[in-house]
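Subject: Handover of a structure

Hello,

I am passing the structure below on to you. My notes on it follow.

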Amino acid sequence: VADLATRPQNIDALQNAGVMALLRPLLLDNVASIQQSAALALGRLANFNEALAESVVTHEVLPQLVYSLAQQNRFYKKAAAFVLRAVAKHSAPLAQAVVDSGAMESLVLCLEEFDPSVKESAAWALGYIAKHSKDLAQSVVNAGAVPLLVLAFQEPDLTLKRISASALSDIAKHSPELAQLVVDAGTCSLLVKEVSNNDVGLKRQVCACLAQIAKHSVDLAEVVVEAEVFPRILHCLRDVDEVVQKNAATCVRELSRHSPDLAKLIVNAGGIAAMVDYVQEARGNARLPGIMTLGYISAFSETLALAVVVSRGIPPLKDALINEPEDHVKAAAAWSLGQIGRHSPDHARALAEADVLRRILAVYLHPDSSEDLQLKAKRALKSVIQKCAHLPALEPLLDSPPNILKYVVQQFAKVLPNDMDARKAFVQSGSLQKLQEVQAERGSKLQEMVDTINLQYPPEIVQYYSPNYAQSLLEKMEAFNPSG
């Protein structure tokens, strides 16, 4: 049956044959190898889908497994832990059923076994229980698993290291309190040491676990930084494995979002250049943590935003805005560009000269853009335009819809009265003519600003560029009688 259960096409036939009821008594068989095979078969069935995992619970197999888990040899323990893991992985209620069956104590005892493969099976099961919810993770902690998982992480066996790092990550992700418990067990410095390990699977788990710890608060992020995570984590951004790259970028993102001091620390460690390269190279969802990191860092201060500009951070963000198919990645790029440009006229000019404003407007106006993308694009445009004093870059935006146009015209109304050359250029570029075509409601703020700009020019010029000027000339000509 254990062999049959390895192939998906046999699962239905086994289920219909009432195999669960047959396997249950075999768990208490006198022959050890039969017990192990029965447990293995149950594990494979439960692993297959949620319905089968539920039938393992309803056939009351779990209490028997837990009873035997404390008594039997290492091979059986491994098989029994596999069943518990296979049941717990599907959903929170199933994981709760495993906890209710009294399995926690036995699984934690398995972490003290000599055999690494038994520890591995137990750590995996505990991780699968902890991942579903805060309460389940808390019950794993209450069973005393954390110090033993940290010890397991220090074993030479790579698979055991990977699985215990993954289980610690599944505990730490739920709340600052749980993450703090993981940190208090001395985890951070051990995790950071392994960031430079050659094993791809281990690097993936270690970077993910550090990110789950760092995301909760400034204090926890500082603990990760103090464990000397830089510059090691930045080297992972150039790793051959894409998942390692993404997990490392996620970790840097979680570190960058809490405070200006942490953002500065990332900049001083060479983090911006590394992140810009990463956003340049990555594609799709993997780009997201990099895009967000540049936005978070830029949001804190003018100087930090300038560091992103100087490190050529704008072109890859613009590329993501234009070429990424997914709206949420485009939205993140629009948000990050807004964070860079909103600080001062110089920052806004850097965006304007890279032709970013027109691109954000295009995304905002695109009929297929999601609501979130439109909102982020509108906010970014508004915050950057209000700082932009570089008028040639604003001129293409005179075609915007009224809710954006008012910010564009406002900037012209601010700058033109004090700048003779700009007034001249405004006429030569055809922008004054465009301005006369603006359909503003009488008495509106927009109309007031258009009037303010028109007052900077002689009435004849304004009249000359008005849309109906040619028509009124023709009418004059018709009414004109040369013979008197």
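Ile314, Leu317, Lys318, Ala320, Leu321 and Ile322 of helix H23 meet Lys330, Ala333, Ala334, Ser336, Leu337 and Ile340 of helix H24; contact here means heavy atoms within 4.5 Å. By class, these residues are 9 nonpolar, 1 polar and 2 charged. In that division Ala, Val, Leu, Ile, Met, Phe, Trp, Tyr, Cys and Pro count as nonpolar, Asp, Glu, Lys and Arg as charged, and the others, Gly among them, as polar. The axes of H23 (residues 314–323) and H24 come within 8 Å and cross at roughly 145°. Axes are lines fitted to C-alpha atoms, for helices over the stretch in contact, and angles run from 0 to 180 degrees between N-to-C directions. The crossing of H23 and H24 is left-handed, a term used if the near helix is turned anticlockwise from the far one by less than a right angle, with right-handed used if clockwise.

Some basis for reading these values: this is a predicted model, in which local features need pLDDT of at least 70 and side-chain atom pairs count only at pLDDT 80 or more, while totals for chains, interfaces and linings use all residues. Residues are numbered from 1 along each chain as its sequence is written, and side-chain values use heavy atoms, with hydrogens and water left out.

The chain as a whole

The chain has 34 helices and 0 strands. Helices (H or I, at least four residues) and strands (E, at least two) are DSSP runs, numbered from the N terminus. Of the 484 residues in the chain, 51% are buried. Buried means under 20% relative accessible area, exposed over 50%, and partly exposed in between (1.4 Å probe, protein chains only). Among the contacts in the chain with a separation of 6 or more, 69% are between residues 24 or more positions apart.

Leu337 lies in helix H24 and has a relative accessible area of 0%, so it counts as buried. Not counting residues up to four places away in sequence, Leu337 touches Ile314, Leu317, Lys318, Leu321, Leu351, Val356, Ile360 and Val384. Leu337 and Ile360 are 23 residues apart in sequence, and their C-alpha atoms are 9.2 Å apart in space.

Gln339 is also in helix H24, which covers residues 327–341. Its relative accessible area is 12%, so Gln339 is buried. The side chains of Gln339 and Arg342 are joined by a polar contact of 2.9 Å. A polar contact is a pair of N or O atoms within 3.5 Å; within protein, one must be able to donate a hydrogen and the other to accept it, and residues adjacent in sequence count only if both atoms are side-chain atoms. Leaving out residues up to four places away in sequence, Gln339 touches Gly295, Ser298 and Ala299.

Helix H15 (residues 200–214) and helix H18 (residues 242–256) pack with their axes 8 Å apart, at an angle of about 20°. That angle is why H15 counts as roughly parallel to H18: angles under 35 degrees count as roughly parallel, over 145 as roughly antiparallel, 65 to 115 as roughly perpendicular and the rest as oblique. The crossing of H15 and H18 is left-handed. On the H15 side the contact includes Val200, Lys203, Arg204 and Cys207, and on the H18 side it includes Val243, Val244, Asn247 and Ala248. The contact of H15 with H18 has 11 nonpolar, 2 polar and 3 charged residues.

Ser164

Helix H12 (residues 158–172) holds Ser164. With a relative accessible area of 0%, Ser164 is buried. A polar atom of its side chain lies 2.6 Å from the backbone oxygen of Leu160, and the side chain of Ser164 also reaches the backbone oxygen of Lys161 at 3.2 Å. Leaving aside neighbours within four places in sequence, Ser164 is in contact with Leu149, Ala152 and Phe153.

Backbone points in the loops

Pro231 is in the loop between helix H16 (218–226) and helix H17 (232–236). The peptide bond from Phe230 to Pro231 is cis, with omega near 0°. Glu228 lies in the loop between H16 and H17 and has a positive phi of about 65°, although it is not a glycine. Glu228 counts as exposed, at 54% relative accessibility.

Arg312 is found in the loop between helix H22 (302–310) and H23. Its phi is positive, about 60°, although Arg312 is not a glycine. Arg312 is exposed, with a relative accessible area of 65%.

Regards
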